[in-house]
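The entries below follow the order in which I looked things up.

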Amino acid sequence: MNTYLIVKWLHILSSVLMVGTGFGSAFYMFFANRSGSVAAQAVVSRLVVRADWWFTTPAVIFQPLSGLWLVQQAGWSWSSPWLMLTLGLYALAGICWVPVVLLQVDMAKMAQAAAAQQSALPATYWQKAAMWERLGYPAFLAMLGVYFLMVYKPTLWT
(Lines give C-alpha, C1' and ligand atoms only; values in the text may rest on other atoms or scores of the structure.)
Protein backbone atom coordinates (compact mmCIF):
# COMPACT_ATOMS: atom_id res chain seq x y z
CA MET A 1 0.00 0.00 0.00
CA ASN A 2 1.38 3.42 -0.87
CA THR A 3 1.59 6.50 1.36
CA TYR A 4 -1.25 8.29 -0.44
CA LEU A 5 -3.68 5.43 0.26
CA ILE A 6 -2.59 5.19 3.91
CA VAL A 7 -3.13 8.93 4.44
CA LYS A 8 -6.45 8.75 2.57
CA TRP A 9 -7.59 5.89 4.81
CA LEU A 10 -6.53 7.81 7.93
CA HIS A 11 -8.29 10.91 6.58
CA ILE A 12 -11.53 8.97 6.11
CA LEU A 13 -11.18 7.25 9.49
CA SER A 14 -10.59 10.55 11.29
CA SER A 15 -13.58 12.13 9.53
CA VAL A 16 -15.76 9.29 10.78
CA LEU A 17 -14.40 9.72 14.31
CA MET A 18 -14.90 13.48 14.18
CA VAL A 19 -18.45 13.53 12.85
CA GLY A 20 -19.50 10.28 14.50
CA THR A 21 -18.28 11.32 17.93
CA GLY A 22 -19.82 14.75 17.48
CA PHE A 23 -23.17 13.36 16.42
CA GLY A 24 -23.17 10.68 19.12
CA SER A 25 -22.18 13.16 21.81
CA ALA A 26 -24.86 15.59 20.66
CA PHE A 27 -27.45 12.80 20.71
CA TYR A 28 -26.68 11.82 24.29
CA MET A 29 -26.35 15.39 25.55
CA PHE A 30 -29.59 16.42 23.83
CA PHE A 31 -31.56 13.61 25.46
CA ALA A 32 -29.82 13.83 28.84
CA ASN A 33 -30.83 17.50 28.92
CA ARG A 34 -34.43 16.45 28.41
CA SER A 35 -34.33 13.61 30.92
CA GLY A 36 -35.01 15.69 34.00
CA SER A 37 -32.12 13.91 35.73
CA VAL A 38 -29.33 16.17 36.93
CA ALA A 39 -27.24 13.08 37.70
CA ALA A 40 -27.58 11.91 34.09
CA GLN A 41 -26.70 15.37 32.80
CA ALA A 42 -23.62 15.44 35.02
CA VAL A 43 -22.38 12.08 33.77
CA VAL A 44 -23.20 12.63 30.11
CA SER A 45 -21.80 16.17 29.95
CA ARG A 46 -18.55 15.00 31.56
CA LEU A 47 -18.24 12.17 29.02
CA VAL A 48 -19.11 14.46 26.11
CA VAL A 49 -16.27 16.79 27.09
CA ARG A 50 -13.94 13.81 27.39
CA ALA A 51 -14.98 12.47 23.96
CA ASP A 52 -14.32 15.87 22.40
CA TRP A 53 -10.81 16.01 23.84
CA TRP A 54 -9.93 12.38 23.07
CA PHE A 55 -11.52 11.86 19.66
CA THR A 56 -12.92 15.01 18.08
CA THR A 57 -10.03 17.40 18.74
CA PRO A 58 -7.29 15.18 17.25
CA ALA A 59 -9.50 14.51 14.23
CA VAL A 60 -10.27 18.23 13.81
CA ILE A 61 -6.51 18.89 13.68
CA PHE A 62 -5.68 15.92 11.43
CA GLN A 63 -8.45 16.56 8.90
CA PRO A 64 -7.15 19.73 7.26
CA LEU A 65 -3.54 18.58 7.46
CA SER A 66 -4.24 15.26 5.76
CA GLY A 67 -6.81 16.77 3.41
CA LEU A 68 -4.48 19.48 2.13
CA TRP A 69 -1.69 16.92 1.75
CA LEU A 70 -4.03 14.70 -0.28
CA VAL A 71 -5.05 17.66 -2.48
CA GLN A 72 -1.41 18.44 -3.17
CA GLN A 73 -0.49 14.81 -3.84
CA ALA A 74 -3.47 14.25 -6.14
CA GLY A 75 -2.68 17.39 -8.12
CA TRP A 76 -6.08 18.99 -7.68
CA SER A 77 -6.26 22.71 -8.27
CA TRP A 78 -6.14 24.76 -5.06
CA SER A 79 -8.70 27.10 -6.63
CA SER A 80 -11.26 24.39 -7.44
CA PRO A 81 -14.70 25.66 -6.37
CA TRP A 82 -15.51 22.36 -4.64
CA LEU A 83 -12.32 22.62 -2.59
CA MET A 84 -12.90 26.28 -1.69
CA LEU A 85 -16.48 25.48 -0.62
CA THR A 86 -15.26 22.47 1.36
CA LEU A 87 -12.75 24.62 3.24
CA GLY A 88 -15.40 27.28 3.84
CA LEU A 89 -17.87 24.76 5.25
CA TYR A 90 -15.15 23.20 7.40
CA ALA A 91 -14.29 26.66 8.74
CA LEU A 92 -17.99 27.32 9.46
CA ALA A 93 -18.21 24.03 11.37
CA GLY A 94 -15.07 25.00 13.32
CA ILE A 95 -16.42 28.46 14.11
CA CYS A 96 -19.46 26.74 15.62
CA TRP A 97 -17.51 23.92 17.27
CA VAL A 98 -15.04 25.99 19.32
CA PRO A 99 -17.77 27.76 21.33
CA VAL A 100 -19.63 24.43 21.63
CA VAL A 101 -16.61 22.90 23.35
CA LEU A 102 -16.38 25.82 25.76
CA LEU A 103 -20.11 25.63 26.46
CA GLN A 104 -19.85 21.90 27.12
CA VAL A 105 -17.05 22.43 29.63
CA ASP A 106 -19.12 25.05 31.47
CA MET A 107 -22.25 22.89 31.35
CA ALA A 108 -20.36 19.87 32.69
CA LYS A 109 -19.02 21.91 35.62
CA MET A 110 -22.48 23.26 36.43
CA ALA A 111 -24.06 19.81 36.16
CA GLN A 112 -21.35 18.27 38.38
CA ALA A 113 -21.90 20.95 41.02
CA ALA A 114 -25.67 20.61 40.91
CA ALA A 115 -25.46 16.82 41.16
CA ALA A 116 -23.05 17.04 44.11
CA GLN A 117 -25.37 19.48 45.91
CA GLN A 118 -28.48 17.56 44.80
CA SER A 119 -29.94 20.79 43.46
CA ALA A 120 -31.51 21.96 40.23
CA LEU A 121 -29.37 23.25 37.41
CA PRO A 122 -28.99 27.04 37.29
CA ALA A 123 -30.71 29.09 34.59
CA THR A 124 -27.31 29.75 32.98
CA TYR A 125 -27.01 26.02 32.30
CA TRP A 126 -30.16 26.12 30.21
CA GLN A 127 -29.06 29.29 28.41
CA LYS A 128 -25.78 27.60 27.51
CA ALA A 129 -27.63 24.43 26.49
CA ALA A 130 -29.82 26.44 24.11
CA MET A 131 -26.77 28.11 22.56
CA TRP A 132 -24.98 24.74 22.37
CA GLU A 133 -27.90 23.32 20.44
CA ARG A 134 -28.22 26.34 18.10
CA LEU A 135 -24.53 26.08 17.20
CA GLY A 136 -24.67 22.32 16.71
CA TYR A 137 -27.17 22.35 13.84
CA PRO A 138 -25.19 24.51 11.41
CA ALA A 139 -21.96 22.70 12.33
CA PHE A 140 -23.51 19.32 11.56
CA LEU A 141 -25.08 20.53 8.30
CA ALA A 142 -21.76 22.06 7.26
CA MET A 143 -20.02 18.73 7.83
CA LEU A 144 -22.66 16.94 5.75
CA GLY A 145 -21.83 19.40 2.98
CA VAL A 146 -18.12 18.68 3.42
CA TYR A 147 -18.78 14.93 3.10
CA PHE A 148 -20.81 15.50 -0.07
CA LEU A 149 -18.15 17.71 -1.65
CA MET A 150 -15.27 15.43 -0.69
CA VAL A 151 -16.97 12.37 -2.17
CA TYR A 152 -18.40 13.91 -5.36
CA LYS A 153 -15.96 16.75 -6.03
CA PRO A 154 -18.55 18.35 -8.33
CA THR A 155 -17.32 20.10 -11.44
CA LEU A 156 -20.58 21.99 -11.93
CA TRP A 157 -18.88 25.34 -11.30
CA THR A 158 -15.78 24.95 -13.41
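Entry 1, surface. I looked up the accessible surface of the protein and found about 9200 Å², with 73% of that belonging to carbon and sulfur atoms. Accessible areas come from the Shrake-Rupley method with a 1.4 Å probe, and for residues only the protein chains shown count as cover. I noted that this is a predicted model, in which local features need pLDDT of at least 70 and side-chain atom pairs count only at pLDDT 80 or more, while totals for chains, interfaces and linings use all residues. Residues are numbered from 1 along each chain as its sequence is written, and side-chain values use heavy atoms, with hydrogens and water left out.

I counted 4 helices and 0 strands, in the pattern α-α-α-α along the sequence. Helices (H or I, at least four residues) and strands (E, at least two) are DSSP runs, numbered from the N terminus. The C-alpha trace spans about 60 × 35 × 20 Å along its principal axes. Of the 158 residues in the protein, 37% are buried; buried means under 20% relative accessible area, exposed over 50%, and partly exposed in between (1.4 Å probe, protein chains only). I also checked contacts (heavy atoms within 4.5 Å): among those between residues at least 6 apart in sequence, 78% join residues at least 24 apart.

How far does α3 reach from its first C-alpha to its last? I read 54 Å for its 37 residues, 81–117, close to the 54 Å expected at 1.5 Å a residue. The expected span is 1.5 Å times one less than the number of residues. Just after α3 comes Q118, in the loop between α3 and α4. Q118 has a positive phi of about 50 degrees although it is not a glycine, and Q118 is exposed, at a relative accessible area of 75%.

I found another positive phi at K153, about 40 degrees, and K153 is not a glycine. K153 sits in the segment after α4 and is partly exposed, with a relative accessible area of 23%.

Is T57 buried or exposed? T57, in helix α2, is buried, with a relative accessible area of 16%. Leaving out residues up to four places away in sequence, T57 touches D52 and W97.

A pocket is an open set of points on a 1 Å grid over the protein atoms alone, where a 1.4 Å probe fits, with protein on both sides within 12 Å along at least five of seven lines; lining residues have an atom within 4 Å of a point. The largest pocket holds about 630 Å³ of space, a volume being the space filled by probe spheres set on the points, which are joined across faces, edges and corners. Its lining has 28 residues, with G22, F23, A26, G136 and F140 nearest the centre. Helix α1 gives the most to this lining, 9 residues. By class I noted 20 nonpolar, 6 polar and 2 charged residues. Ala, Val, Leu, Ile, Met, Phe, Trp, Tyr, Cys and Pro count as nonpolar, Asp, Glu, Lys and Arg as charged, and the others, Gly among them, as polar.

Entry 7, second largest pocket. The volume here is about 480 Å³. I found 24 lining residues, of which H11, Q63, G67, V146 and M150 lie nearest the centre. Helix α1 again gives the most, with 7 residues.
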